[in-house]
Amino acid sequence: MLQIGDRSAVEFYNHYFGPQSRPLPEFPLAVHAGDDGFYVRTPIRSDRDTGHVDYSGEVPQGAEVQLCEAIREHLLAETTRSVAELGVHALGGAGVRLDRAPPWLRPAAVLVFSCAARKQILGTRTASEVEAVTRALPGVPVFGFYAGGEIAPLVPGGRARLHNATMVTLVIGTCSERQPVPTPRTAPAPAPVSAPDPALLQRRLARAESYRARAEDAKELTTAMLRTIGAEIEATRRQIVAQNDQLRQLYSELEAEKHKSDALLQNILPVEVAEELKRTGQVKPVHYNSVTVLFTDFKGFTRVASRLRPEALLRELDFYFSEFDRITERHGLEKLKTIGDAYMCAGGIPQVNSSHALDAVAAAWDIIQFMEEVRADKLAGGEQPWELRIGVHTGPLMAGVIGHKKFAYDIWGDTVNIASRLESTGEAGRINLSRATWEAVRDRFECEYRGKLTAKNRGEVDMYFVLGPR
(Lines give C-alpha, C1' and ligand atoms only; values in the text may rest on other atoms or scores of the structure.)
Protein backbone atom coordinates (compact mmCIF):
# COMPACT_ATOMS: atom_id res chain seq x y z
CA MET A 1 0.00 0.00 0.00
CA LEU A 2 1.40 3.40 -1.02
CA GLN A 3 -0.99 5.85 0.60
CA ILE A 4 -3.44 6.09 3.52
CA GLY A 5 -5.53 9.25 3.40
CA ASP A 6 -3.36 12.18 2.34
CA ARG A 7 -0.13 10.59 3.61
CA SER A 8 2.10 7.78 2.40
CA ALA A 9 1.54 4.50 4.25
CA VAL A 10 4.83 4.89 6.17
CA GLU A 11 4.04 8.53 7.04
CA PHE A 12 0.68 7.36 8.35
CA TYR A 13 2.48 5.30 10.99
CA ASN A 14 5.10 8.03 11.59
CA HIS A 15 2.28 10.46 12.35
CA TYR A 16 1.15 8.34 15.29
CA PHE A 17 4.41 6.74 16.45
CA GLY A 18 7.08 9.29 15.60
CA PRO A 19 9.32 10.02 12.60
CA GLN A 20 11.76 7.16 13.29
CA SER A 21 9.11 4.49 13.83
CA ARG A 22 8.24 1.63 11.50
CA PRO A 23 5.06 -0.40 11.08
CA LEU A 24 4.81 -3.35 13.48
CA PRO A 25 2.38 -6.30 13.50
CA GLU A 26 1.26 -5.22 16.97
CA PHE A 27 -0.50 -2.28 15.28
CA PRO A 28 -2.57 -3.68 12.39
CA LEU A 29 -5.17 -1.96 10.23
CA ALA A 30 -8.85 -2.66 10.77
CA VAL A 31 -10.43 -2.62 7.31
CA HIS A 32 -14.15 -1.83 7.46
CA ALA A 33 -16.21 -4.03 5.18
CA GLY A 34 -19.67 -2.42 5.38
CA ASP A 35 -22.38 -4.66 6.82
CA ASP A 36 -19.87 -7.49 7.04
CA GLY A 37 -18.03 -5.80 9.93
CA PHE A 38 -14.27 -5.46 9.60
CA TYR A 39 -11.18 -7.59 9.13
CA VAL A 40 -7.56 -7.10 10.16
CA ARG A 41 -4.46 -6.59 8.01
CA THR A 42 -1.07 -6.68 9.75
CA PRO A 43 1.99 -4.91 8.32
CA ILE A 44 4.72 -7.31 7.18
CA ARG A 45 7.41 -5.03 5.75
CA SER A 46 7.84 -1.42 4.77
CA ASP A 47 10.08 0.80 2.61
CA ARG A 48 10.84 4.23 4.09
CA ASP A 49 12.16 5.56 0.76
CA THR A 50 8.97 4.84 -1.20
CA GLY A 51 6.58 5.06 1.73
CA HIS A 52 5.24 1.62 0.79
CA VAL A 53 3.89 -0.89 3.36
CA ASP A 54 3.10 -4.55 2.60
CA TYR A 55 0.26 -6.12 4.56
CA SER A 56 -0.75 -9.68 5.28
CA GLY A 57 -3.55 -9.42 2.76
CA GLU A 58 -5.25 -7.12 0.30
CA VAL A 59 -6.54 -3.73 1.44
CA PRO A 60 -9.05 -2.59 -1.22
CA GLN A 61 -8.46 0.84 -2.73
CA GLY A 62 -10.74 3.44 -1.17
CA ALA A 63 -11.55 1.25 1.83
CA GLU A 64 -12.08 2.88 5.22
CA VAL A 65 -9.28 1.81 7.55
CA GLN A 66 -8.49 2.42 11.19
CA LEU A 67 -5.24 1.95 13.10
CA CYS A 68 -5.69 -0.40 16.02
CA GLU A 69 -3.59 -2.22 18.60
CA ALA A 70 -3.37 -5.97 19.11
CA ILE A 71 -3.38 -6.31 22.90
CA ARG A 72 -1.85 -9.60 24.10
CA GLU A 73 -4.09 -9.90 27.14
CA HIS A 74 -7.21 -9.52 25.02
CA LEU A 75 -6.04 -12.08 22.47
CA LEU A 76 -5.21 -14.65 25.16
CA ALA A 77 -8.45 -13.99 27.06
CA GLU A 78 -10.47 -14.59 23.88
CA THR A 79 -8.52 -17.78 23.19
CA THR A 80 -9.08 -19.04 26.73
CA ARG A 81 -12.81 -18.31 26.49
CA SER A 82 -13.13 -20.10 23.16
CA VAL A 83 -11.14 -23.23 23.99
CA ALA A 84 -12.89 -23.58 27.37
CA GLU A 85 -15.93 -24.69 25.38
CA LEU A 86 -13.85 -26.74 22.96
CA GLY A 87 -14.07 -29.94 24.98
CA VAL A 88 -17.85 -29.60 25.36
CA HIS A 89 -18.35 -29.03 21.65
CA ALA A 90 -15.99 -31.84 20.75
CA LEU A 91 -17.77 -34.28 23.06
CA GLY A 92 -21.12 -33.17 21.67
CA GLY A 93 -20.04 -33.27 18.07
CA ALA A 94 -21.35 -29.79 17.42
CA GLY A 95 -22.51 -29.00 13.92
CA VAL A 96 -22.00 -32.38 12.19
CA ARG A 97 -25.62 -32.46 11.03
CA LEU A 98 -28.07 -29.59 11.41
CA ASP A 99 -31.20 -31.73 10.85
CA ARG A 100 -30.56 -34.33 13.57
CA ALA A 101 -29.19 -34.65 17.07
CA PRO A 102 -25.40 -34.35 17.15
CA PRO A 103 -23.46 -37.63 17.47
CA TRP A 104 -20.68 -38.24 19.92
CA LEU A 105 -17.17 -37.35 18.77
CA ARG A 106 -14.14 -39.43 19.61
CA PRO A 107 -11.27 -36.88 19.52
CA ALA A 108 -8.08 -38.30 18.08
CA ALA A 109 -5.99 -35.16 17.58
CA VAL A 110 -6.16 -31.38 17.51
CA LEU A 111 -4.79 -29.38 14.58
CA VAL A 112 -4.01 -25.73 15.41
CA PHE A 113 -2.80 -23.25 12.85
CA SER A 114 -2.35 -19.53 13.07
CA CYS A 115 -0.71 -16.70 11.19
CA ALA A 116 2.92 -15.80 11.75
CA ALA A 117 1.90 -12.21 12.64
CA ARG A 118 -0.03 -13.51 15.61
CA LYS A 119 3.08 -15.31 16.87
CA GLN A 120 5.04 -12.05 16.59
CA ILE A 121 2.37 -10.23 18.58
CA LEU A 122 2.16 -12.83 21.37
CA GLY A 123 5.89 -13.47 21.57
CA THR A 124 6.72 -15.62 24.59
CA ARG A 125 3.02 -15.81 25.44
CA THR A 126 2.42 -18.05 22.42
CA ALA A 127 2.70 -21.22 24.55
CA SER A 128 -0.26 -20.04 26.66
CA GLU A 129 -2.61 -20.67 23.73
CA VAL A 130 -1.42 -24.24 23.28
CA GLU A 131 -1.73 -24.85 27.02
CA ALA A 132 -5.35 -23.70 26.91
CA VAL A 133 -6.10 -26.29 24.20
CA THR A 134 -4.42 -29.12 26.07
CA ARG A 135 -6.38 -28.25 29.20
CA ALA A 136 -9.64 -28.40 27.24
CA LEU A 137 -8.84 -31.81 25.70
CA PRO A 138 -6.54 -33.60 28.11
CA GLY A 139 -4.67 -36.52 26.65
CA VAL A 140 -5.43 -35.56 23.00
CA PRO A 141 -2.33 -34.84 20.89
CA VAL A 142 -2.00 -31.24 19.71
CA PHE A 143 0.04 -30.19 16.70
CA GLY A 144 0.01 -27.28 14.21
CA PHE A 145 1.95 -24.50 12.56
CA TYR A 146 2.20 -20.77 11.95
CA ALA A 147 1.89 -19.50 8.38
CA GLY A 148 0.10 -17.06 6.11
CA GLY A 149 -2.97 -18.51 4.47
CA GLU A 150 -6.73 -18.52 4.07
CA ILE A 151 -9.68 -20.18 5.72
CA ALA A 152 -12.69 -21.47 3.85
CA PRO A 153 -15.78 -19.28 3.26
CA LEU A 154 -17.83 -18.76 6.39
CA VAL A 155 -21.07 -19.16 4.40
CA PRO A 156 -21.77 -21.17 1.25
CA GLY A 157 -20.78 -19.19 -1.81
CA GLY A 158 -18.82 -16.67 0.28
CA ARG A 159 -15.19 -15.77 -0.17
CA ALA A 160 -12.20 -17.16 1.64
CA ARG A 161 -10.56 -14.98 4.24
CA LEU A 162 -6.99 -14.55 5.33
CA HIS A 163 -6.67 -15.84 8.88
CA ASN A 164 -4.23 -13.18 10.02
CA ALA A 165 -4.28 -12.56 13.78
CA THR A 166 -6.59 -15.58 14.12
CA MET A 167 -6.05 -19.01 15.63
CA VAL A 168 -8.01 -21.80 13.98
CA THR A 169 -8.48 -25.03 15.92
CA LEU A 170 -9.64 -28.21 14.22
CA VAL A 171 -10.56 -31.24 16.33
CA ILE A 172 -9.99 -34.45 14.39
CA GLY A 173 -11.80 -37.61 15.41
CA THR A 174 -14.47 -40.18 14.58
CA CYS A 175 -18.19 -40.02 15.21
CA SER A 176 -20.51 -42.82 16.25
CA GLU A 177 -24.08 -42.64 17.54
CA ARG A 178 -24.50 -42.83 21.32
CA GLN A 179 -21.05 -44.26 21.86
CA PRO A 180 -19.51 -42.76 25.00
CA VAL A 181 -16.12 -41.17 24.84
CA PRO A 182 -13.51 -43.28 26.63
CA THR A 183 -11.71 -41.71 29.51
CA PRO A 184 -8.33 -40.43 28.38
CA ARG A 185 -5.51 -42.77 29.26
CA THR A 186 -3.10 -41.65 31.85
CA ALA A 187 0.00 -40.29 30.27
CA PRO A 188 3.09 -42.48 30.75
CA ALA A 189 5.69 -41.36 33.18
CA PRO A 190 8.07 -38.90 31.61
CA ALA A 191 11.43 -40.14 30.50
CA PRO A 192 14.49 -38.87 32.29
CA VAL A 193 15.38 -35.42 31.11
CA SER A 194 18.73 -35.22 29.43
CA ALA A 195 21.03 -32.27 29.84
CA PRO A 196 19.84 -29.28 27.78
CA ASP A 197 21.63 -28.46 24.56
CA PRO A 198 23.55 -25.17 25.12
CA ALA A 199 22.96 -24.12 21.50
CA LEU A 200 19.21 -24.67 21.86
CA LEU A 201 19.16 -22.69 25.08
CA GLN A 202 21.06 -19.91 23.37
CA ARG A 203 18.54 -19.76 20.52
CA ARG A 204 15.64 -19.72 22.96
CA LEU A 205 17.27 -16.96 24.95
CA ALA A 206 17.89 -14.91 21.81
CA ARG A 207 14.27 -15.40 20.74
CA ALA A 208 13.01 -14.40 24.19
CA GLU A 209 15.23 -11.32 24.10
CA SER A 210 13.86 -10.44 20.66
CA TYR A 211 10.30 -10.80 21.94
CA ARG A 212 11.17 -8.66 24.97
CA ALA A 213 12.63 -5.93 22.78
CA ARG A 214 9.57 -5.99 20.55
CA ALA A 215 7.36 -5.74 23.60
CA GLU A 216 9.32 -2.73 24.82
CA ASP A 217 9.08 -1.12 21.38
CA ALA A 218 5.36 -1.80 21.27
CA LYS A 219 4.93 -0.26 24.72
CA GLU A 220 6.76 2.91 23.68
CA LEU A 221 4.83 3.07 20.41
CA THR A 222 1.56 2.63 22.27
CA THR A 223 2.46 5.59 24.48
CA ALA A 224 3.36 7.66 21.41
CA MET A 225 0.15 6.65 19.63
CA LEU A 226 -1.99 7.53 22.64
CA ARG A 227 -0.22 10.87 22.94
CA THR A 228 -0.83 11.64 19.26
CA ILE A 229 -4.44 10.50 19.41
CA GLY A 230 -4.95 12.60 22.54
CA ALA A 231 -3.52 15.63 20.74
CA GLU A 232 -5.79 14.98 17.75
CA ILE A 233 -8.81 14.64 20.04
CA GLU A 234 -7.92 17.90 21.78
CA ALA A 235 -7.41 19.67 18.44
CA THR A 236 -10.73 18.31 17.21
CA ARG A 237 -12.41 19.41 20.45
CA ARG A 238 -11.04 22.91 20.06
CA GLN A 239 -12.15 22.97 16.44
CA ILE A 240 -15.64 21.85 17.45
CA VAL A 241 -15.75 24.49 20.20
CA ALA A 242 -14.67 27.16 17.70
CA GLN A 243 -17.24 25.95 15.19
CA ASN A 244 -19.93 25.91 17.88
CA ASP A 245 -18.99 29.46 18.85
CA GLN A 246 -19.16 30.47 15.21
CA LEU A 247 -22.52 28.73 14.79
CA ARG A 248 -23.86 30.44 17.91
CA GLN A 249 -22.71 33.78 16.51
CA LEU A 250 -24.33 33.00 13.17
CA TYR A 251 -27.53 31.86 14.88
CA SER A 252 -27.52 35.04 16.95
CA GLU A 253 -27.06 37.18 13.83
CA LEU A 254 -29.70 35.15 12.01
CA GLU A 255 -32.11 35.55 14.93
CA ALA A 256 -31.45 39.31 14.97
CA GLU A 257 -32.11 39.52 11.23
CA LYS A 258 -35.25 37.43 11.70
CA HIS A 259 -36.48 39.83 14.39
CA LYS A 260 -35.79 42.73 12.04
CA SER A 261 -37.66 41.11 9.15
CA ASP A 262 -40.53 40.10 11.46
CA ALA A 263 -40.73 43.63 12.84
CA LEU A 264 -40.70 45.05 9.32
CA LEU A 265 -43.38 42.62 8.17
CA GLN A 266 -45.52 43.34 11.23
CA ASN A 267 -45.08 47.06 10.58
CA ILE A 268 -46.57 46.49 7.13
CA LEU A 269 -49.20 43.90 8.04
CA PRO A 270 -51.22 43.10 11.16
CA VAL A 271 -49.52 40.53 13.41
CA GLU A 272 -52.07 37.79 12.70
CA VAL A 273 -51.89 38.38 8.96
CA ALA A 274 -48.06 38.43 9.00
CA GLU A 275 -47.98 35.10 10.86
CA GLU A 276 -50.37 33.54 8.35
CA LEU A 277 -48.25 34.83 5.48
CA LYS A 278 -45.06 33.36 7.02
CA ARG A 279 -46.79 30.06 7.78
CA THR A 280 -48.62 29.45 4.50
CA GLY A 281 -47.08 31.89 2.01
CA GLN A 282 -50.45 33.54 1.37
CA VAL A 283 -53.32 35.32 3.13
CA LYS A 284 -56.87 34.29 2.40
CA PRO A 285 -59.41 37.16 2.20
CA VAL A 286 -61.81 37.20 5.16
CA HIS A 287 -65.38 38.50 5.28
CA TYR A 288 -66.29 40.56 8.36
CA ASN A 289 -69.93 41.20 9.26
CA SER A 290 -69.25 44.46 11.10
CA VAL A 291 -66.24 46.78 10.81
CA THR A 292 -65.91 50.52 11.40
CA VAL A 293 -63.89 52.45 8.80
CA LEU A 294 -62.42 55.90 9.50
CA PHE A 295 -61.32 58.28 6.73
CA THR A 296 -59.54 61.63 7.12
CA ASP A 297 -58.66 64.20 4.49
CA PHE A 298 -57.20 67.72 4.61
CA LYS A 299 -59.48 70.43 3.24
CA GLY A 300 -57.91 72.48 0.45
CA PHE A 301 -54.76 70.36 0.42
CA THR A 302 -53.91 71.20 -3.19
CA ARG A 303 -53.94 74.93 -2.39
CA VAL A 304 -51.86 74.43 0.78
CA ALA A 305 -49.35 72.19 -1.00
CA SER A 306 -48.78 74.73 -3.75
CA ARG A 307 -47.44 77.22 -1.18
CA LEU A 308 -44.89 74.84 0.40
CA ARG A 309 -41.63 73.41 -0.80
CA PRO A 310 -41.74 69.58 -1.25
CA GLU A 311 -39.50 69.00 1.78
CA ALA A 312 -41.66 71.19 4.01
CA LEU A 313 -44.84 69.54 2.69
CA LEU A 314 -43.52 66.06 3.52
CA ARG A 315 -42.48 67.18 7.00
CA GLU A 316 -45.98 68.52 7.66
CA LEU A 317 -47.66 65.32 6.45
CA ASP A 318 -45.29 63.20 8.51
CA PHE A 319 -46.01 65.35 11.57
CA TYR A 320 -49.78 64.86 11.30
CA PHE A 321 -49.82 61.23 10.20
CA SER A 322 -47.34 60.18 12.91
CA GLU A 323 -49.67 61.55 15.57
CA PHE A 324 -52.64 59.85 13.84
CA ASP A 325 -50.68 56.58 14.06
CA ARG A 326 -50.17 56.99 17.80
CA ILE A 327 -53.84 57.80 18.37
CA THR A 328 -55.21 54.92 16.28
CA GLU A 329 -52.79 52.49 17.94
CA ARG A 330 -53.88 53.71 21.37
CA HIS A 331 -57.50 52.95 20.50
CA GLY A 332 -56.79 49.52 18.98
CA LEU A 333 -57.47 50.48 15.36
CA GLU A 334 -55.62 49.01 12.37
CA LYS A 335 -53.93 51.57 10.14
CA LEU A 336 -54.45 50.57 6.53
CA LYS A 337 -52.83 53.19 4.30
CA THR A 338 -52.34 56.79 3.34
CA ILE A 339 -53.15 58.06 -0.15
CA GLY A 340 -51.75 61.51 -0.67
CA ASP A 341 -53.28 63.56 2.14
CA ALA A 342 -55.91 60.91 2.98
CA TYR A 343 -55.55 58.59 5.98
CA MET A 344 -57.59 55.38 6.42
CA CYS A 345 -57.87 53.03 9.39
CA ALA A 346 -60.45 50.55 10.69
CA GLY A 347 -61.63 48.88 13.90
CA GLY A 348 -62.74 45.25 14.31
CA ILE A 349 -60.09 43.77 11.99
CA PRO A 350 -58.22 41.49 11.83
CA GLN A 351 -59.36 40.60 15.36
CA VAL A 352 -63.11 40.77 15.67
CA ASN A 353 -64.44 42.82 18.60
CA SER A 354 -67.69 44.48 19.64
CA SER A 355 -66.24 47.89 20.53
CA HIS A 356 -64.86 48.88 17.11
CA ALA A 357 -67.41 51.67 16.51
CA LEU A 358 -66.71 53.29 19.90
CA ASP A 359 -62.95 52.85 19.34
CA ALA A 360 -63.08 54.52 15.93
CA VAL A 361 -65.19 57.50 17.08
CA ALA A 362 -63.02 57.96 20.19
CA ALA A 363 -59.91 57.99 17.97
CA ALA A 364 -61.60 60.45 15.60
CA TRP A 365 -62.42 62.74 18.53
CA ASP A 366 -58.77 62.64 19.77
CA ILE A 367 -57.60 63.49 16.23
CA ILE A 368 -59.92 66.51 16.12
CA GLN A 369 -58.63 67.66 19.53
CA PHE A 370 -55.05 67.32 18.29
CA MET A 371 -55.87 69.34 15.17
CA GLU A 372 -57.42 72.09 17.33
CA GLU A 373 -54.25 72.32 19.44
CA VAL A 374 -52.07 72.56 16.33
CA ARG A 375 -54.47 75.14 14.82
CA ALA A 376 -54.13 77.39 17.89
CA ASP A 377 -50.32 77.12 17.79
CA LYS A 378 -50.15 77.96 14.09
CA LEU A 379 -52.50 80.92 14.38
CA ALA A 380 -50.42 82.20 17.28
CA GLY A 381 -47.33 81.94 15.11
CA GLY A 382 -48.95 83.66 12.15
CA GLU A 383 -49.19 80.49 10.06
CA GLN A 384 -52.14 79.16 8.08
CA PRO A 385 -53.53 76.10 9.89
CA TRP A 386 -54.46 72.87 8.13
CA GLU A 387 -58.11 71.81 8.36
CA LEU A 388 -59.28 68.18 8.55
CA ARG A 389 -62.49 66.35 7.69
CA ILE A 390 -63.32 62.91 9.15
CA GLY A 391 -65.92 60.38 7.99
CA VAL A 392 -66.84 57.16 9.85
CA HIS A 393 -69.11 54.29 8.77
CA THR A 394 -69.87 50.81 10.14
CA GLY A 395 -70.79 47.80 8.01
CA PRO A 396 -69.65 44.54 6.39
CA LEU A 397 -66.54 44.26 4.20
CA MET A 398 -63.77 41.99 2.92
CA ALA A 399 -60.15 42.23 4.17
CA GLY A 400 -56.97 40.54 3.09
CA VAL A 401 -53.73 40.67 1.08
CA ILE A 402 -53.74 40.48 -2.71
CA GLY A 403 -50.72 39.86 -4.94
CA HIS A 404 -47.22 38.49 -4.38
CA LYS A 405 -45.12 41.67 -4.25
CA LYS A 406 -45.17 44.69 -1.94
CA PHE A 407 -47.73 43.14 0.37
CA ALA A 408 -50.38 45.45 1.78
CA TYR A 409 -53.35 44.68 4.00
CA ASP A 410 -56.47 46.25 2.49
CA ILE A 411 -60.27 46.30 2.71
CA TRP A 412 -63.00 46.29 0.04
CA GLY A 413 -66.75 46.82 -0.12
CA ASP A 414 -69.51 49.43 0.04
CA THR A 415 -68.62 50.17 3.67
CA VAL A 416 -65.28 51.61 2.52
CA ASN A 417 -66.92 53.71 -0.20
CA ILE A 418 -69.55 55.10 2.17
CA ALA A 419 -66.92 56.05 4.78
CA SER A 420 -65.02 57.91 2.04
CA ARG A 421 -68.20 59.73 0.94
CA LEU A 422 -68.99 60.68 4.54
CA GLU A 423 -65.54 62.25 4.81
CA SER A 424 -65.81 64.19 1.53
CA THR A 425 -69.31 65.51 2.37
CA GLY A 426 -68.38 66.48 5.92
CA GLU A 427 -67.08 69.76 7.27
CA ALA A 428 -63.62 70.79 8.38
CA GLY A 429 -62.98 70.18 12.05
CA ARG A 430 -65.97 67.84 12.42
CA ILE A 431 -66.66 64.08 12.49
CA ASN A 432 -69.36 62.87 10.10
CA LEU A 433 -71.03 59.56 11.09
CA SER A 434 -73.43 57.23 9.29
CA ARG A 435 -76.60 56.08 11.02
CA ALA A 436 -75.08 52.60 11.54
CA THR A 437 -72.14 54.08 13.47
CA TRP A 438 -74.36 56.59 15.32
CA GLU A 439 -76.59 53.76 16.63
CA ALA A 440 -73.51 52.00 18.02
CA VAL A 441 -72.10 55.09 19.84
CA ARG A 442 -75.08 57.35 20.67
CA ASP A 443 -75.04 56.29 24.35
CA ARG A 444 -71.43 57.45 24.71
CA PHE A 445 -71.23 60.39 22.28
CA GLU A 446 -73.61 63.27 21.80
CA CYS A 447 -74.44 63.76 18.11
CA GLU A 448 -76.73 65.91 15.92
CA TYR A 449 -78.60 64.83 12.81
CA ARG A 450 -77.50 66.72 9.70
CA GLY A 451 -79.38 65.17 6.77
CA LYS A 452 -79.06 62.42 4.21
CA LEU A 453 -76.26 61.27 1.92
CA THR A 454 -77.02 59.59 -1.40
CA ALA A 455 -74.73 56.55 -1.59
CA LYS A 456 -74.15 54.36 -4.63
CA ASN A 457 -75.87 50.95 -4.32
CA ARG A 458 -77.21 51.92 -0.87
CA GLY A 459 -79.68 54.74 -1.53
CA GLU A 460 -79.82 57.48 1.09
CA VAL A 461 -77.70 57.30 4.25
CA ASP A 462 -78.51 59.39 7.36
CA MET A 463 -75.59 61.52 8.60
CA TYR A 464 -74.71 62.78 12.10
CA PHE A 465 -72.08 65.19 13.41
CA VAL A 466 -70.32 64.27 16.68
CA LEU A 467 -70.62 67.02 19.29
CA GLY A 468 -68.50 65.31 21.96
CA PRO A 469 -68.40 62.56 24.56
CA ARG A 470 -71.35 62.35 26.97
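Axes here are lines fitted to C-alpha atoms, for helices over the stretch in contact, and angles run from 0 to 180 degrees between N-to-C directions. Helices (H or I, at least four residues) and strands (E, at least two) are DSSP runs, numbered from the N terminus. The model is predicted, so to speak of local features takes a pLDDT of at least 70 and side-chain atom pairs count only at pLDDT 80 or more, while totals for chains, interfaces and linings use all residues. Residues are numbered from 1 along each chain as its sequence is written, and side-chain values use heavy atoms, with hydrogens and water left out.

Take the helix pair to begin with. The axes of α9 (residues 310-330) and α10 (residues 356-380) come within 9 Å and cross at roughly 145°. On the α9 side, the contact (heavy atoms within 4.5 Å) includes Phe319, Tyr320, Phe324 and Ile327, and among their counterparts in α10 are Ile367, Phe370, Met371 and Val374. By class, this contact has 9 nonpolar, no polar and 5 charged residues (Ala, Val, Leu, Ile, Met, Phe, Trp, Tyr, Cys and Pro are nonpolar; Asp, Glu, Lys and Arg charged; the others, Gly among them, polar).

Then there is the open sheet, with 3 strands in the order β4-β3-β7 and antiparallel pairing (at least two DSSP bridges between paired strands). β4 (38-41) and β7 (65-67) sit at the edges with a single partner strand each, so one side of each lacks a neighbour in the sheet. The twist averages 30° from one strand to the next. β3 (residues 29-32) pairs with β7 over 3 bridges, and Leu29 has Leu67 as its bridge partner in β7. Helix α1 (residues 9-17) packs on this sheet, touching β3 and β7, and its direction makes about 40° with that of β7.
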